[in-house]
Structure formats: C-alpha cells, structure tokens
Amino acid sequence: MKAFQVSILFSTLLLGLTACQSNSYKINGTTEGLADGDTLYLTRDMQTGEPSDTIVIKDGEFSLKGETDTTALCMIYSAKRNEINAPFFLEPGTISIHLTQQPGASRVGGTDCNKEWQELNDSVMVIGKEINKIAEHVYAGNLPKEEQDKGMAQIEQLNKRFAALVVKKAEENVDNEFGYFL
C-alpha cells in the first residue's frame, strides 16, 4: 500500500514538473532607423531569407509571441533597410533584440543561447575588424610583396584566433543547445 502511495506522489510530482515546461517564446525588441508602421521580417530559412513572420514597428518597438519545439538560428531583418538585421536563436523564453542602423552592431539576449551568441559575436567582431583593416591596407595599393606577405601572415594569425574562440565557446557549451549549434 505504501509503494502505491509513493508511486502516486511521484507521478503527480513528475506531471507537475513537465507541466511547468513551456515551448512559448516572446521577442521584445527596439529599433533605430525605422518608423511606425515599418515592417520587420523573421526568417527561419537562413538560405533564402523567406519570411515566416512579419512584425510591425510601433513607437520604435516590436514584439512577437509564439511556440517553438526546437531551438533554431533565425534572422530578423528589414527589407526596407538591409543593414538593420540580427541573427538570433528562436527558443523558449523571452528574447531581447535591439536593432541598429550600424551593420553588425545589433544586440540580442534574454535567453541562454542568445546571451552566448552575443558574447561570441562581440569577441569575433573585434577580430573581424582587425582582419578588414589589414586587408584594406594590403589590397589598397601597390605594396611590395614583402609587405603583402606580412599582412597576409597577420590575417592568418587572426583567423586562427577566430577559430580558437569558436572552438572554446563550443567546448564551454558542449552540454547545451548553443554548443550543439556550434
């Protein structure tokens, strides 16, 4: 009889725990450079950019609610202003997005994957800017071969640092969805 009571108690507890889990998400966002009534698009298809949802801007803000049973890399973007966009992870929870007019400067957060994604982006953007600066110098003029080779060697080292950051972030997140993505 006692085993039966324990079994019922365990089943009730397990049912309560699974009932608390939710697949719902909410995106709360702000934007610069767009007016009331402008439209943002959400795509889950990173190949074609085909929209799966549309969101209308009001007072510089936007929001979207829905359900998802998987964590997926998505993109929110303005077709009117291509530089206003942000890749992010659609996952259960409250996702925060701040879209800016400056390419690469938009911010995401709120959920675990999006916090990790933003941290990785912040790190690799610094390296990317260094690579661009060196590449502009190397390809801008008639540099001697020795100078070109020196610049290319610097770019190669920066690419190795870039790859090492991605590997480190993947290793730190090997037990979660973000690590799986990387």
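**A walk through the model**

Start with helix 2: it has 29 residues, and from its first C-alpha to its last it reaches 41 Å, close to the 42 Å expected at 1.5 Å a residue. Please keep in mind that this is a predicted model.

Which residues of helix 2 are buried? They are Cys-113, Asn-114, Trp-117, Gln-118, Leu-120, Asn-121, Val-124, Ile-127, Ile-131, Ile-134, Ala-135 and Val-138. The cover over these buried residues includes strand 5, strand 6, strand 7, strand 8, which is 107-109, helix 3, which is 145-172, and helix 4, which is 177-181.

Let me take one residue from that list. Asn-114 lies in helix 2, and its relative accessible area is 0%, so Asn-114 counts as buried. What does Asn-114 touch, not counting residues up to four places away in sequence? The contacts are Phe-88, Phe-89, Glu-91, Ile-95, Val-108 and Gly-109.

Next, helix 3. Helix 3 has 28 residues, which should span 40 Å at 1.5 Å a residue; the end C-alpha atoms are 41 Å apart, and so the two values agree. In helix 3 the buried residues are Gly-151, Ile-155, Leu-158 and Lys-169. Helix 2 and helix 4 are among the elements that cover them.

Now the nonpolar cores. As general background, nonpolar side chains in soluble globular proteins tend to be buried together. In this model, the largest nonpolar core has 26 residues. Ile-27, Leu-40, Phe-62, Ile-76, Phe-88, Ile-97 and Leu-99 have the most contacts inside that core. Which elements each supply at least two residues of this core? They are strand 1 (24-31), strand 2 (39-43), strand 4 (61-67), strand 5 (72-77), strand 6 (85-90), strand 7 (93-99) and helix 2 (112-140).

Take Ile-27 as an example. Leaving out residues up to four places away in sequence, Ile-27 touches Phe-62, Ser-63, Leu-64, Phe-88, Leu-90, Ile-95 and Ile-97. Another core, of seven residues, lies apart from the largest one. Among its residues are Ile-127, Ile-131, Ile-155 and Leu-158. Of these, Ile-127 and Ile-131 are in helix 2, while Ile-155 and Leu-158 are in helix 3.

Four strands form an open sheet in the order 3-2-5-6, with antiparallel pairing. Which strands stand at the edges? Strand 3, which is 51-56, and strand 6 do; each has a single partner strand, so one side of each is left without a neighbour in the sheet. On average, neighbouring strands of this sheet are turned by 25° against each other, direction ignored.

Strand 2 and strand 5 run antiparallel and are joined by three bridges. Thr-43 stands opposite Met-75 in strand 5. Helix 2 comes back here: it packs on the sheet, where it touches strand 5 and strand 6, and its direction makes about 140° with that of strand 6.

Now the aromatic rings. How many aromatic pairs does the structure hold? There are six. I will go through two of them.

Phe-89 and Phe-181 form an edge-to-face pair, with 4.9 Å centre to centre and 85° between the planes. This pair links distant parts of the chain: Phe-89 is in strand 6 and Phe-181 is in helix 4, 92 residues apart. At 1% relative accessibility Phe-89 counts as buried, whereas Phe-181, with a relative accessible area of 37%, is partly exposed.

Trp-117 and Phe-178 also form an edge-to-face pair, at 6.4 Å centre to centre and 70° between the planes. Trp-117 lies in helix 2 and Phe-178 in helix 4, so the pair ties together parts that are 61 residues apart in sequence. Trp-117 is buried, at 11% relative accessible area, and Phe-178 is buried at 0%. Ring pairs link Phe-89, Trp-117, Phe-178 and Phe-181 into a cluster.

The last stop is a loop residue. Where does Gly-60 lie? Gly-60 is in the loop between strand 3 and strand 4. Gly-60 and Asp-36 are 24 residues apart in sequence and 6.8 Å apart in space, C-alpha to C-alpha. Apart from neighbours within four places in sequence, Gly-60 is in contact with Gly-29, Thr-30, Thr-31 and Asp-36.

That is the end of the walk; thank you.

Conventions:
Residues are numbered from 1 along each chain as its sequence is written. This is a predicted model: local features need pLDDT of at least 70, side-chain atom pairs count only at pLDDT 80 or more; totals for chains, interfaces and linings use all residues. Side-chain values use heavy atoms; hydrogens and water are left out. A nonpolar core is a set of buried Ala, Val, Leu, Ile, Met, Phe, Trp, Tyr and Cys residues joined through side-chain atoms within 4.5 Å. Buried means under 20% relative accessible area, exposed over 50%, partly exposed in between (1.4 Å probe, protein chains only). Contact means heavy atoms within 4.5 Å. The expected span of a helix is 1.5 Å times one less than its number of residues. Two strands pair if DSSP finds at least two bridges between them. Axes are lines fitted to C-alpha atoms, for helices over the stretch in contact, and angles run from 0 to 180 degrees between N-to-C directions. Rings of Phe, Tyr and Trp (its six-membered ring) pair if their centres lie within 6.5 Å; planes under 30 degrees apart count as stacked, over 60 as edge-to-face and the rest as tilted.
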